[in-house]
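Thank you for making the time this morning.

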Amino acid sequence: MLPSFYQACLQAQLSSIQFITVKMLVALLQRERNVSMERLATLFAQPIQFESRRRNLQRFLQLPQLNLKALWFPILTYWLKQHFHRGQDVYLVIDRTQWKHHNLLMVSVVYHKRAIPVFWHCLDHCGLSSLSEQQRVLRPVFALMKSYQCTVLGDREFHSVALADWLRQQGVKFVLRLPKSTTVKSHCDAEIERLDELLQFPGIACFEVQVQVTQQQGFGRFNLVTRWKRVYRHSKANQVWYLLTNLNDLDAALSSYAKRFSIEPMFKDFKTGGYNLENCRATGQRFLALVLLVSIAYTLTTEQGKRIRRKQIQHYIGRVKEPNRAQKRHSNFWIGLYGQLWIASMDLWFTWAEELMHLKPQKRRFFRQGLRAMSLIHSVL
């Protein structure tokens, strides 16, 4: 069930038929976790032939109303007001994911060690994005989030000094990771050196101010952070971070860039870990519309998982804690998604479940607790 504000935003832009279709598709995505057009058409609840259902969905996904600024931005604006106050620091991650013929450039906002999609664009080529394409996805985000203090985070694909200079002109903070082959000049009398030629020590972080990055002229100077992370026990192989930033504090730059990795679990949730977006063969407007529906479903599920945790009933859905494991096994998204699936299976086979409960009278107290947990999960869906 969509929250009331989601319904109001969707109904303001869609006809009654279109609104019901969106609700059915979001429910299908939650239940089936598959964005394949064949799968959606197979299960779409209309008493017409399969080919008619498939063509109906294809025409629906081509609708001009299914665009980000009309449908997603009003929902996202409301969501931001619920979770961030005016003037608060907000971290934006720009990243790109590619599989098969899809090459998706996306900007997301960091929230509880996860990322919530804000704006995206499907590139018409394979490989890296250009400066103009990066600006194209960032401009609408800055306009949407003008009430917040934004910090843009990017990995080595977004190391362009031109991008950093443009972000500085927009009055936006940034932390961008540089490749080790980048050349720098710390001061006027210094020689130009590659980053991997600088003096470095494991476990030591260095902060240099007003460094000239690359040999190109006209971009000014930036702050440079060098951090060589030491290997501890079961951690991954040691690596060096070279960070380009306009932040004036070492700890702030390091803690900010660490938030960039929140987008990786989100991409996994969109693909193999959740909605299997890589099975989608749609292109163009249809693909972008499907990503929009996935984003609506993903945001709803994440919020539902958070409310389930607040009610302290997540242990009915998944393994909450394991020995020798520092991080939670399951995210709010996972708890929300599989909470819905558990409730749906109980509703579908309740007669059999009731028979099993009658055959196990010694477990009656635990069954009552479980049924109460089910009612609490129902209350947050």
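What follows goes from the whole chain to the sheet, then to the helices and finally to the rings.

Please keep in mind throughout that this is a predicted model, and that the values I quote are computed from it. The chain has 381 residues, of which 50% are buried, and its secondary structure comes to 13 helices and 10 strands. Along the principal axes, the C-alpha trace spans about 85 × 50 × 40 Å. If we take the contacts with a separation of 6 or more, 61% of them join residues 24 or more positions apart.

Let me turn to the sheet. It is an open sheet of 10 strands with mixed pairing, and the order across it is E3-E2-E1-E4-E5-E10-E9-E8-E6-E7. At the edges we find strand E3, residues 114-122, and strand E7, residues 193-194, each of which pairs on one side only. Helix H6, residues 131-144, packs on this sheet, where it touches E1, E2, E3 and E4, and its direction makes about 125° with that of E3. Helix H10 lies across E1, E2 and E3, and it runs at about 175° to E3.

Within the sheet, strand E4, residues 149-154, and strand E5, residues 173-177, are paired in the parallel sense over four bridges, and the bridge partner of Val 152 in E5 is Phe 174. Elsewhere the sense is antiparallel: two bridges join strand E6, residues 183-185, to strand E8, residues 205-213, with Val 184 standing opposite Val 213. Strand E8 is also joined to E9, again antiparallel, by five bridges, and here Val 211 stands opposite Phe 222.

Strand E9, residues 222-229, is also the place of Thr 226. Is Thr 226 buried or exposed? Its relative accessible area is 7%, and since buried means under 20%, Thr 226 counts as buried. Apart from its neighbours within four places in sequence, Thr 226 is in contact with Gln 200, Ile 204, Ala 205, Cys 206, Val 240, Trp 241 and Tyr 242.

In the loop between H9 and H10 we find Gly 273, which counts as partly exposed at 25% relative accessibility. The C-alpha atoms of Gly 273 and Arg 33 are separated by 9.2 Å, although the two residues are 240 residues apart along the chain. Leaving aside neighbours within four places in sequence, Gly 273 is in contact with Lys 268 and Phe 333.

Phe 333 brings us to helix H11, where it is one of the buried residues, together with others including Ile 335, Leu 337, Leu 341 and Met 346. Helix H11, residues 332-348, has 17 residues and reaches 24 Å from its first C-alpha to its last, close to the 24 Å expected. What covers its buried residues includes helices H2, H9, H10, H12 and H13.

H11 also holds Trp 334 and Tyr 338, which lie four residues apart, about one turn of the helix. An α-helix has 3.6 residues a turn, so residues three or four places apart point the same way. How are the rings of Trp 334 and Tyr 338 arranged? Their centres are 4.3 Å apart and their planes are at 25°, so the pair is stacked. Trp 334 is partly exposed at 22% relative accessibility, and Tyr 338 is partly exposed at 25%.

Looking across the chain, the count comes to 17 aromatic pairs, and one aromatic cluster is formed by Trp 79, Phe 84, Tyr 111 and Tyr 148. Two charged side chains also deserve a mention, the one being Lys 259, which lies over the face of Tyr 91 at 4.8 Å from the ring centre, and the other Arg 260, which lies over the face of Phe 261 at 4.9 Å from the ring centre.

Notes
Residues numbered from 1 in each chain as written. Predicted model: local features only at pLDDT ≥ 70, side-chain atom pairs only at ≥ 80, totals over all residues. Heavy atoms only, no water. Expected span 1.5 Å × (residues − 1). Buried < 20%, exposed > 50% of the residue type's maximum accessible area, 1.4 Å probe, protein only. Contact = heavy atoms within 4.5 Å. Pairing = 2+ DSSP bridges. Axes fitted to C-alpha atoms, helices over the stretch in contact; angles between N-to-C directions. Phe/Tyr/Trp six-rings, centres within 6.5 Å; stacked < 30°, edge-to-face > 60°. Lys NZ or Arg CZ within 6 Å of the ring centre and 35° of its normal.
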